[in-house]
Amino acid sequence: MDTQNDPDTPPQKGPSYSSYLRLDELLACQTPLSGTHDEMLFIVIHQASELWMKLCLHELTAARDAIAGSRLDTAFKMMSRVARVQQQLIGSWEILATITPADYSAMRGKLGTSSGFQSHQYRAMEFLMGNKNAAMIDVFSDAPPLQAMLQDVLTKPGIYDEALRALARAGLPVPEDRLNRDFSTPYVASPGVETCWRRVYAEPDKYWDLYELAEKLVDLEYRFQLWRFGHLKTVERVIGFKRGTGGTAGVPYLAKVIDQIFFPELLTVRAVL
């Protein structure tokens with residue numbers, strides 16, 4: 001008799017909740033330096049965000065590979081999950097914004113030059129989404145393993161590159177120079193690609209999977225931009241126009257970042273439908 005699912009049978013000995021999640025190590029990772037009350041919030045928000053980004057990278061990488069393998073339904077599930085995770089990341093700014101300028105000033109001196117600008121996972125997400133910039137890898141010159149990981153993501157096709165290859169496999173005339181290019185360089189918008197997406201949007205019944213892929217990509221970009229905007233407004237609220245701890249210009253730098261677009265033809269095609 002199989003007792004694995006019998007509710008009256010005691011579970012076999014295995015990892016406990018704490019050991020499975022390695023809670024002792026996880027909960028020992030919050031080590032405030034300033035002695036201020038709000039530094040715990042600052043640390044927890046950023047650590048939790050890094051965990052969410054780890055999941056985003058896991059899902060986006062798998063989604064890209066699924067698109068490359070013509071398994072669009074599988075990719076849609078993963079992309080939808082990332083969109084939900086992005087909502088958690090967006091909401092985290094509202095919690096962080098409860099730190100007042102005085103609260104932050106009291107702890108800022110202990111942060112040194114540490115900055116979200118140095119998050120290798122955030123940079124990897126941007127690379128996967130197509131915002132390629134090789135110079136950003138230089139930030140991690142003192143961490144060769146991180147440099148190697150980012151170099152790998154930089155040189156591989158991003159999720160949009162694989163989406164364009166899916167268009168081509170469906171018989172749409174994607175320009176060859178958009179399909180085979182140096183993937184370590186930023187993507188440049190193409191009128192020919194816009195024409196392909198226009199056909200997808202004009203005939204959704206014929207290209208339903210590609211139509212849904214387009215909307216999943218738009219959703220990813222939409223939420224990524226909301227995340228960026230939330231970051232901008234939180235920094236603006238807490239430190240105003242001071243320079244960032246990592247040496248960036250702070251709010252002006254974040255405002256410039258918001259102008260970066262991942263999937264340009266999916267936005268411009270809306271004006272010609």
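The model is predicted, so local features need pLDDT of at least 70 and side-chain atom pairs count only at pLDDT 80 or more, while totals for chains, interfaces and linings use all residues. Residues are numbered from 1 along each chain as its sequence is written, and side-chain values use heavy atoms, with hydrogens and water left out.

I turn to the chain as a whole. Its secondary structure comes to 13 helices and 0 strands; helices (H or I, at least four residues) and strands (E, at least two) are DSSP runs, numbered from the N terminus. Along its principal axes, the C-alpha trace spans about 70 × 60 × 35 Å. Of the 273 residues, 42% are buried. Here buried means under 20% relative accessible area, exposed means over 50%, and partly exposed lies in between, with a 1.4 Å probe and protein chains only.

The chain exposes about 14,900 Å², and carbon and sulfur atoms supply 57% of that area. Accessible areas come from the Shrake-Rupley method with a 1.4 Å probe, and for residues only the protein chains shown count as cover. Among contacts between residues at least 6 apart in sequence, 69% join residues at least 24 apart; a contact means heavy atoms within 4.5 Å.

The next topic is helix α6. How many of its residues are buried? The count is 9 of 10, so this helix is mostly covered. The buried residues are Q121, Y122, R123, A124, M125, E126, F127, L128 and M129. Their cover includes α3, α7 (144-155), α8, α11 and α12. Just after α6, G130 takes a positive phi of about 110°.

Within α6, R123 deserves a separate word. R123 counts as buried because its relative accessible area is 4%. Its side chain and that of E126 are joined by a polar contact of 3.0 Å. A polar contact is a pair of N or O atoms within 3.5 Å; within protein, one must be able to donate a hydrogen and the other to accept it, and residues adjacent in sequence count only if both atoms are side-chain atoms. Leaving aside neighbours within four places in sequence, R123 is in contact with F117, M136, L150 and Y253.

That brings us to α12, which covers residues 251-258 and includes the buried residues V251, L254 and V257. Seen down the helix axis, the buried residues of α12 fall within an arc of 120°, so they line one face of the helix; the arc is that of the directions from the helix axis to the C-beta atoms. The buried residues of α12 pack against α6 (120-129) and α11 (208-239).

I now move to Q30, in the loop between α2 (23-26) and α3 (39-68). Is Q30 buried or exposed? Q30 counts as buried, because its relative accessibility is 18%. Its side chain makes a polar contact of 2.5 Å with the side chain of Q47. A polar atom of the Q30 side chain also lies 3.2 Å from the backbone oxygen of L26. Not counting residues up to four places away in sequence, Q30 touches M40, I43, V44 and Q47.

Another buried residue is M107, in helix α5 (residues 101-108), with a relative accessible area of 0%. Beyond neighbours within four places in sequence, the contacts of M107 are S34, T36, D38, E39, F42 and I99. M107 and V174 are 67 residues apart in sequence and 52 Å apart in space, C-alpha to C-alpha.

Finally, I come to some loop residues. G171 is found between α8 (159-169) and α9 (176-179), and G171 counts as exposed because its relative accessibility is 58%. R22, in the loop between α1 (17-21) and α2, is exposed at 52% relative accessibility. Phi of R22 is near 50°, a positive value in a residue other than glycine. S70, in the loop between α3 and α4 (72-96), has a phi near 60°, which is also positive in a residue other than glycine. For context, most residues other than glycine have a negative phi.
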